[in-house]
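Please look over the sequence and the structure shown here before reading on. The report that follows goes through the ligands, the domains and some of the helices.

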Amino acid sequence: MSTLTTMTLSPRATDFIDDAHLEGLLSASRPDPAHVRQIIDKSLAKEPLLVEEAAVLLTADEPELVEEIFQAARELKRRVYGHRIVLFAPLYVGSHCVNDCVYCAFRRSNGTAIRRTLSLDELRGQVEALERVGHKRLILVFGEHPQYDADRIAEYVRAVYGVKVGHGEIRRVNINAAPLDHEGYRRVKEAGIGTYQIFMETYHHATYAATHPAGTRKADYLYRLDGVSRAMEAGCDDVGIGALFGLHDWRFEVLGLVAHARHLQERHGVGPHTISFPRLRPAAGVRLDDRWRVSDRDFKRLVAILRLSVPYTGLILTARERPHLRREVMAFGVSQIDAGSRIEIGGYTEAGDAQVMGREQFLLGDIRGLDEVVRELLSDGYIPSWCTSCYRLGRTGEHFMEFAIPGFIQRFCTPNALMTLMEYLTDYASAPTRAAGEALIAEELAHLPEGLHKAELVRRLERIRRGGERDLRF
Ligand code: SAM
Ligand code: SF4
């Protein structure tokens, strides 16, 4: 029978978020521009920033300095990540929930929510629909409920990997679900998950208490804060953290994320694999005051400052945001986006063209199809990528050397991204997207240095295009 996991903390769990300290940093007067520029230089040298340094960037709000921060974020993204953007899709599995988070349509007191959990067969149907349009990476999303215990999550993960349609397959399944105990993480790890994501929602203690009613499981701040540390201790070395922007001062949440990333690095020798920064969206039955609403300008600042603070951590920009803003913010250091997303349970086959508010957790800002998003990325000069090589070759966590090895991106990441792009163009793209993609691949090849490695890449691209081979990787 399914039960909720025990709420045992990691033996070394500590609450490392000191609200008074963070608030003190943010109440400092405007910094000296020379100091801001020094910090920008440190980050351009790819050194992670201290919380205190991130706070200096957050208090620099003169237009000229903000523009310099934007410029530096663009530059750092180019240096560290090149211009690849990894694509994935969210797959909502179940909307039952024992918690009562005030911002979420799945909260238990929302009597109007349509509660549903996909059966394994229904899940397979959703995965088939996603594979048919070209997705290779998914994140499974769950409410918190005894139905979704670790064994059940593991069962869903295995079911996803088992679905193959034509050349389609899912090569990486990530999870966004409630925190587990050590044993729970071990079970889901055995099923072959990629990243385990847990968003702290808000790092501010009083706001956390006000938005997660006492008596619910999620009300336990430390249990949640410690959630990704337990995951790491149990062997899930790819973890994702995040904050839900709009519950409290956005600058405080950025400091919380930076403090969390540093804590993981210090304690486990490896920081988070990704950071997410969802902005609060309208949701069924949710009415929140907009005191802490984050403007588009501040949203851009927060992405840019996160990029500069944690140079090696992937940043995920979701379809909660509207298309034009996504396009703009992408340049500030985003490394992953979702595309073609639907978040109604069963939405990939049942929802039609419009969103159904009563059936989803919140309203999305961008429901364009994958092909359209891919074409836009190509026209902006990005390489859309579905690469899963590092994770599948065991290059994860502390072994994840992507950025430490000089030339790694040129030798591995760019060729692997181009091969996954070629698969997409050959199997799924519309004619205009295919033409744009072929042109981009030709341009990328022209920039690669001549030699055996390039010759091998050209051969492999042909094996994909004409030979029908798939899943080749360096
Ligand atoms: N139930 C699990 C949990 O709370 O950890 C899984 C996550 S929930 C299904 C996915 C995430 O969506 C939450 O962590 C929260 O940050 C975000 N979310 C919830 N309500 C939202 C809203 N109204 N607008 C935008 N994001 C929201
Ligand atoms: Fe449940 Fe997660 Fe929504 Fe909170 S955010 S009500 S835990 S689904």
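## The shell around ligand 1

Of the 21 residues around ligand 1, those that come nearest are C104, F199, R281, A283 and F362, where a residue is near a molecule if its C-beta atom, placed from the backbone, lies within 6 Å of it. By class, the shell around ligand 1 has 14 nonpolar, 3 polar and 4 charged residues, with Ala, Val, Leu, Ile, Met, Phe, Trp, Tyr, Cys and Pro counted as nonpolar, Asp, Glu, Lys and Arg as charged, and the others, Gly among them, as polar.

This is a predicted model, in which local features need pLDDT of at least 70 and side-chain atom pairs count only at pLDDT 80 or more, while totals for chains, interfaces and linings use all residues. Residues are numbered from 1 along each chain as its sequence is written, and chains are lettered from A and ligands numbered from 1 in the order in which they are written.

## The shell around ligand 2

Around ligand 2 stand C97, N99, C101, C104, F106, R107, G143, E144 and K218, and this shell divides into 4 nonpolar, 2 polar and 3 charged residues.

## Two domains

An automatic or database domain assignment gives domain 1 (77-386) and domain 2 (394-465), whose C-alpha centres lie 26 Å apart. In all, 21 residues of domain 1 are in contact with 22 residues of domain 2, contact being taken as C-beta atoms, placed from the backbone, that lie within 7 Å. On the side of domain 1 that touches domain 2, α15 (370-379) and β11 (383-385) each supply at least two residues, and α15 gives the most, with 5 residues.

## Helices α6 and α7

The axes of helix α6 (residues 150-161) and helix α7 (residues 182-190) come within 8 Å and cross at roughly 10°; axes are lines fitted to C-alpha atoms over the stretch in contact, and angles run from 0 to 180 degrees between N-to-C directions. The two helices α6 and α7 are therefore roughly parallel to each other, a term used for angles under 35 degrees. In this contact, A150, D151, I153, A154 and V157 of α6 meet G184, R187, V188 and E190 of α7, and these residues divide into 5 nonpolar, 1 polar and 3 charged.

Conventions: Two residues are in contact if their C-beta atoms, placed from the backbone, lie within 7 Å. Helices (H or I, at least four residues) and strands (E, at least two) are DSSP runs, numbered from the N terminus. Angles under 35 degrees count as roughly parallel, over 145 as roughly antiparallel, 65 to 115 as roughly perpendicular and the rest as oblique.
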